[in-house]
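Have the structure open while you read.

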Amino acid sequence: MKISDVITEYTPTIGIECHVQLKTRTKLFAGVGNDAREAEPNTLISHICLGMPGALPVLNSEAVHLASRAAFALNTSPQKFSKFDRKHYFYPDLPKGYQISQYDEPIILGGYVEININDRLRKINITRAHLEEDAGKSTHPAGKDYSLVDLNRAGTPLLEIVSEPELHTAQEAKVYSKELYLLMRYADVSDANLYYGNMRFDVNVSVSKSKELGTRTETKNLNSFRSVEKAVDYEIKRQVELLEKGQKILQETRGWDDVKQKTFSQRSKEDAHDYRYFPDPDIPPVVLDDKFIARVKNEMPIMPSNLRKEFLPLNLDKSAIDTLIDSINAAQFLHNVISRTSTENAKRIAVWLAVEVQSIVSTGESTWEKVKLDIDSFIRLSEMVSNNELSSTAAKSIVGELIINGGDPKKIAKDKNLLQLSDASELEEIVNKVIGDNSNAAQDVKSGEMKAVGFLVGQVMKASGGKANPNLAKELIMKQIGIN
Amino acid sequence: MAKLSKEDVLKLARLAKLHLSDDEVEEFRKEISSILGYVEQLREINLENVKPTYQVTGLTNVMRSDDIINYGQNQIELLKNAPQSESGQIKVRKIL
């Protein structure tokens, strides 16, 4: 049996849970620094983080604010009433013996993420998103019979975003994860640094031949879009293979081995956790009033899906749009450009951003945060191309100068001697010389060989050091040869 | 009255990480059954339009601003609360 022959008979169903680390200064329930990236173990801890008896956790208002922003990013509003619950389990990196989370009244219910699958827009519904504290980190020294626990990360605020099981391919799972990442960055609720695990994905996968869903597995802690795609792909194949052999899928939690590119069993859901949730008496409920909700809504920036719609009339190719959207600075700059100038200028500037600026950024010469993006200069530069004062090649070279050092594009063009020869009398001299030097080509043109015109224009461009206005050059050549 | 099985008690014990002797299992089976029976009386009350009580304080929105608080603590003092530690980390029985 070959999997590829039968896999199409099965419909995979995928739901994704994503833990987003919120970019607060301090932890969710303690006034202790939140940035554990470079900190020595257990230097960002307090009696609250250690779960000492009598410690009173107090909710960080900024976490509520950021979660509310995330709600709008997910095309919904935060719940007016939400509360915190204790989720009980024993693990050495969870000192209290329970995690403070939100069970039946989370801060976000509903909403959706819009994704583009093969040029079709689809809405993936969000079930819920809730606030909870992260656990600590344990390490296992080689050859030792003990483990070490660092609680710096214990209590870091997380927003767990749960999607409806509405994804059906590994590619869709990847696109959804990437879009969620963009939304969290645009909403500015997380540093969304995947390397540091600021966003971690758990994928629930099942396959079925009928309308009824199959038994699902959960593959946890994926920290890149690629691993989301690969893990889903692997799980679909593995499950179909088992079912084809007449075996059953175990409902279990699996891990992802990035080296072997395989999922592996971690624990079965047989001893499914009985978390014994109950309302946390330490944390009074959160009640958000209309004024707060309206204020947060008002402060939201323009989001990727709206930007893409705005960029549509510019007729850019998909990779250029992706490049621009990937860099919030580029996309927001273009958004401002569009409101200020013609479509022609906006499109030219968009391409400069996606190609010229992007190449400078990707070589590491500068970053999207550092480059100087001045609307007036960019529009003036584009207008110079429209007005034939500058060739498009020359303009591109000025873009580099503009974003690193800034300045007036016209002055830069002058200083670099890039202004086009649009003065007929100056250009005529060059044209005459070129025709004189290339009499054969001129003869060809005369006898109707129009291809030769291109050659002559090329020669004029060369002789002028790229400064000739090609349209004017062509006009003068034709005039000189005597064809109109 | 609610009757707990031996398995129920063992499950509770496992979730609470407690080791119980056979005698204790039987003892707790009776005790917890009677507690449950007592609480079960609440089922006789009609609670149709009553909101669950999440809190008895009546408080809402008890929050702090996102600022570092000096709790006057240091790592060495805090780690003394752990049974064992090693180079700034808490030492526990091997996990994996």
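Predicted model: local features only at pLDDT ≥ 70, side-chain atom pairs only at ≥ 80, totals over all residues.

Let's start in chain A. Thr11(A) has Ser208(A) in S12(A) as its bridge partner. S1(A) also pairs with strand S11 of chain A, residues 157-163, again antiparallel, through 5 bridges. In that pairing, His19(A) sits opposite Glu160(A) of S11(A).

Now for a sheet that draws on both chains. Its 4 strands come in the order S9(A)-S10(A)-S3(B)-S2(B), the sheet is open, and the pairing is antiparallel.

| Strand pair | Bridges | Example of facing residues |
|---|---|---|
| S1(A) and S11(A) | 5 bridges | His19(A) and Glu160(A) |
| S10(A) and S3(B) | 4 bridges | Leu148(A) and Lys91(B) |
| S2(B) and S3(B) | 2 bridges | Ser85(B) and Ile90(B) |

The pairing that crosses from one chain to the other is between S10 of chain A, residues 146-150, and S3(B). On the chain B side, S3 covers residues 89-93 and also pairs with S2(B).

What does the wider contact between the chains involve? It takes 39 residues from chain A and 32 residues from chain B. On the chain B side, the elements giving two or more residues are strand S1 (63-64), helix H3 (75-79) and S3. S3(B) supplies the largest share, 5 residues. By type, the chain B side splits into 14 nonpolar, 10 polar and 8 charged residues.

Last, a helix pair back in chain A. Helix H7 (residues 318-326) and helix H9 (residues 343-362) of chain A pack with their axes 9 Å apart, at an angle of about 75°. Angles of 65 to 115 degrees count as roughly perpendicular, and H7(A) and H9(A) are therefore roughly perpendicular to each other. H7(A) brings Ala320(A), Thr323(A) and Leu324(A) to the contact, while H9(A) brings Ala350(A), Val351(A), Leu353(A), Ala354(A) and Gln358(A). Those contact residues come out as 6 nonpolar, 2 polar and no charged.

How values were computed. Residues numbered from 1 in each chain as written. Chains lettered and ligands numbered in written order. Pairing = 2+ DSSP bridges. Axes fitted to C-alpha atoms, helices over the stretch in contact; angles between N-to-C directions. Parallel < 35°, antiparallel > 145°, perpendicular 65-115°, else oblique. Contact = placed C-beta atoms within 7 Å. Nonpolar A, V, L, I, M, F, W, Y, C, P; charged D, E, K, R; others polar.
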